[in-house]
Amino acid sequence: MKKLLLASTMLVGLLAGCNSNATGGGEKAAFPEKDVRIVIPYDPGGTSDLTARAVSEVITKEKLFDQNTTVLNLPGANTKNGLQEVLNADPDGHTVLLHHSTLNAMNAVGQLDIGYDDYELIGQVASTPTILVGNADSKYKTFDDYLEAAKKKPGSISVGVTNIGSTTHLAYEAIIKAVGAEGLFKFVPFQSGADLITAHMGGQVDLRMASTPDSIQYVESGDVIPLVTSSKDRHFHESLKDAVSMSELGIDTDVVVRFGFYAPKGTPQSVLDKWEETIKAVVESDSFKKTADTNGMNPEFLDQEEFKAKNEEVQSLFDDLAKNIDLNQ
């Protein structure tokens, strides 16, 4: 009888150990086991939406997952609807967030109480700088020309920026701080990029912070001159390589829009690793590279640790820049 009890106890212990390995640090949990959702906190049609759908398309076409992958747009509440959806999702990797550096920016300026560190970071798939551009028919041809004019007569040179508190706005603030030009330029906020382009082309503002696709279009048409890129090094696009880089202005980092994936806290490491492996394959695919090029993005993969380190670096910079930003200006 004692031998029977001992054998039963050993069997129970063995089965418990096997079960523990299946869900813990032993064997990897199966993933995905059901449809995967990529949540976007914006309306369809924007760069975030296009990026997510390009990723989903490659995953499906290359059969990187053996389950369906869908994109879910959840705009509203200043992006909080989409952010909260992923925060509240089961931490199993089947619901993830595709977002970018605006999460860091909005947290820094106090527009959001959610930050990158509320998630498990999976990795980056692309980045795109913002460009400070000047009108081609202006007598000033370089950033130094505009800076000298602003020094001689503070407020005489105006700069248009959209979306106060955005990555684009903070990129402008970083440029101004780097050259010690606080208070020298006239800051003019705009509600939309289209309004800003019209004002700049019409001579209502001297300079504007522009997206990479916008910059490429107007530089190649001969309407504007690229002055400064918010990337650490010279811009990746041939048409914008004349723009001065952030490192040349003395900043040891960049202020670019970085698109990456975020998972709910507590997602198993094996699942994060599977996602990391998957998005790396996506970034290396010809299909994704083509989409990125069409939309003025640089297909640039960062793994979990690299993406986390970059977020820490960017958040620190944004928190510092945000100290002097008035959201009501």
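**Close-up views of a predicted model**

At 13% relative accessibility, F31 counts as buried (buried is under 20% relative accessible area, exposed over 50% and partly exposed in between, with a 1.4 Å probe and protein chains only). The model is predicted, so local features need pLDDT of at least 70 and side-chain atom pairs count only at pLDDT 80 or more, while totals for chains, interfaces and linings use all residues. Residues are numbered from 1 along each chain as its sequence is written, and side-chain values use heavy atoms, with hydrogens and water left out.

**View 1. F31, F65, F261 and W275 are linked by ring pairs into a cluster.** Across the whole structure, a search finds nine aromatic pairs (rings of Phe, Tyr and Trp, the last by its six-membered ring, with centres within 6.5 Å; planes under 30 degrees apart are stacked, over 60 edge-to-face and the rest tilted). In one of them, F31 and W275 have ring centres 6.5 Å apart and planes at 45 degrees, so this pair is tilted. Because F31 belongs to the loop between helix 1 (2–23) and strand 1 (36–40), whereas W275 belongs to helix 9 (residues 269–283), the pair ties together parts that are 244 residues apart in sequence (helices, H or I of at least four residues, and strands, E of at least two, are DSSP runs numbered from the N terminus). W275 itself is buried, with a relative accessible area of 0%. The rings of F65 and W275 have centres 5.1 Å apart and planes at 90 degrees, so that pair is edge-to-face. Since F65 is placed in the loop between helix 2 (47–61) and strand 2 (69–73), its pair with W275 of helix 9 ties together parts 210 residues apart in sequence. F65 is likewise buried, at a relative accessible area of 6%.

**View 2. Helix 2 meets helix 9 and helix 10.** The axes of helix 2 and helix 9 come within 10 Å and cross at roughly 100 degrees (axes are lines fitted to C-alpha atoms, for helices over the stretch in contact, with angles from 0 to 180 degrees between N-to-C directions). Helix 2 is therefore roughly perpendicular to helix 9 (65 to 115 degrees; under 35 is roughly parallel, over 145 roughly antiparallel and the rest oblique). V55, V58 and I59 of helix 2 make this contact with W275, T278 and V282 of helix 9 (contact means heavy atoms within 4.5 Å). With helix 10 (residues 286–294), the axis of helix 2 comes within 9 Å and crosses at roughly 165 degrees, and these two helices are therefore roughly antiparallel to each other. Here T51, A54, V55, E57 and V58 of helix 2 meet S287, F288 and T291 of helix 10.

**View 3. D92 sits in the loop between helix 3 (80–87) and strand 3 (95–99).** With a relative accessible area of 23%, D92 is partly exposed. Leaving aside neighbours within four places in sequence, D92 is in contact with F31, K34, T267, P268 and V271. From F259, D92 is 167 residues away in sequence and 21 Å away in space, C-alpha to C-alpha.

**View 4. A cis peptide bond joins F31 and P32.** Its omega is about -5 degrees, and P32 is placed in the loop between helix 1 and strand 1. Most residues other than glycine have a negative phi, and most peptide bonds are trans.

**View 5. K63 and N78 each have a positive phi without being glycine.** K63, with phi of about 55 degrees, is in the loop between helix 2 and strand 2 and is exposed, with a relative accessible area of 68%. N78, with phi near 60 degrees, lies in the loop between strand 2 and helix 3 and counts as partly exposed at 43% relative accessibility.
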